Amino acid sequence: MATIKDVAERAGVGIATVSRMINKTGYVSEESGKRIEAAIRELNFVPNERARNLSRKKSGIIGVIIPDFQTPFYASLLRQVEIELYAYGYKTMVCNTVKTSDREKEYIDMLDRNMVDGIITCALSVEDSVYQMVDKPIVSMDHDLGERIPLIHSDHQKGGRLAAEHLAGQGCRKVIQIGGRFPVNTPSNDRYLEFERVMTEKNISVQKLEMEWNHIDYAYYAHFLQDCRDVLKDADGIFASDMGAI
């Protein structure tokens, strides 16, 4: 396998010149550039990505933290995130926290130690302050970690309103709401607040089945709703998240 030294010797230039051209970190004359490109083709040289990233103090990896692979929403999200990151030249490393804060903290620590270049977090298992102490690129989804960290979220208020209006339009008068507001700072709480507001405005009864906010796996939902069969069978409408609906 050809090395950068082999390329330099074939092109008749120094190793540093080849490095500058590959990493685009400095001036290389047009003539030298052509000889280096020819040498790379002739030797079928493949740059050492790890070495290149080290020289740039980058890993080329973005960490994505999610609560659970089992949730259909996160499976779909991960697929799109990986496609977009790849288009920008990044690889994706996924952390499935399974409601364990230690896993989430380990990934945040990897960012702090330059093992990943940034983090997209969808998890809710650590205190906001853990993220706020890291001065590195972080994007949060559906969890407000403070004004310094960009927040991406759906229009949950509109979602709650659409759900309420649909059930009311179907003539529902005895509605079950599965789940409720999270005890954390997340815009998704607006979905339940707006749903309850609209239903109250329309004088429609809403009974809430409160769940543990950090349990989103299928087994927990199945067990919980099995115990609520008598309540559910008397309802004429149900408001639930994807896992609750399934």
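Me: Which residues are exposed on the other side of α5?

Reply: Arg 79, Tyr 86 and Ala 87. Exposed means over 50% relative accessible area, buried means under 20%, and partly exposed lies in between (1.4 Å probe, protein chains only). This is a predicted model, where local features need pLDDT of at least 70, side-chain atom pairs count only at pLDDT 80 or more, and totals for chains, interfaces and linings use all residues. Residues are numbered from 1 along each chain as its sequence is written, and side-chain values use heavy atoms, leaving out hydrogens and water.

Me: And which residues of α5 are buried?

Reply: Helices (H or I, at least four residues) and strands (E, at least two) are DSSP runs, numbered from the N terminus. In α5, the buried ones are Tyr 74, Leu 77, Leu 78, Val 81 and Leu 85. They sit on the same side of α5 because they cover an arc of only 105° around the axis, taking the directions from the helix axis to the C-beta atoms.

Me: What covers the buried residues of α5?

Reply: Look for contact, meaning heavy atoms within 4.5 Å. Here the cover includes β1, β2, β3 and β4.

Me: What is the strand order in the open sheet?

Reply: Two strands pair if DSSP finds at least two bridges between them. The five strands run β2-β1-β3-β4-β5, with parallel pairing. β2 (91–96) and β5 (151–152) are the edge strands, each pairing on one side only.

Me: How many bridges join β3 to β4?

Reply: Three, between residues 118–121 and residues 138–141. As for Thr 121, its bridge partner in β4 is Ser 140.
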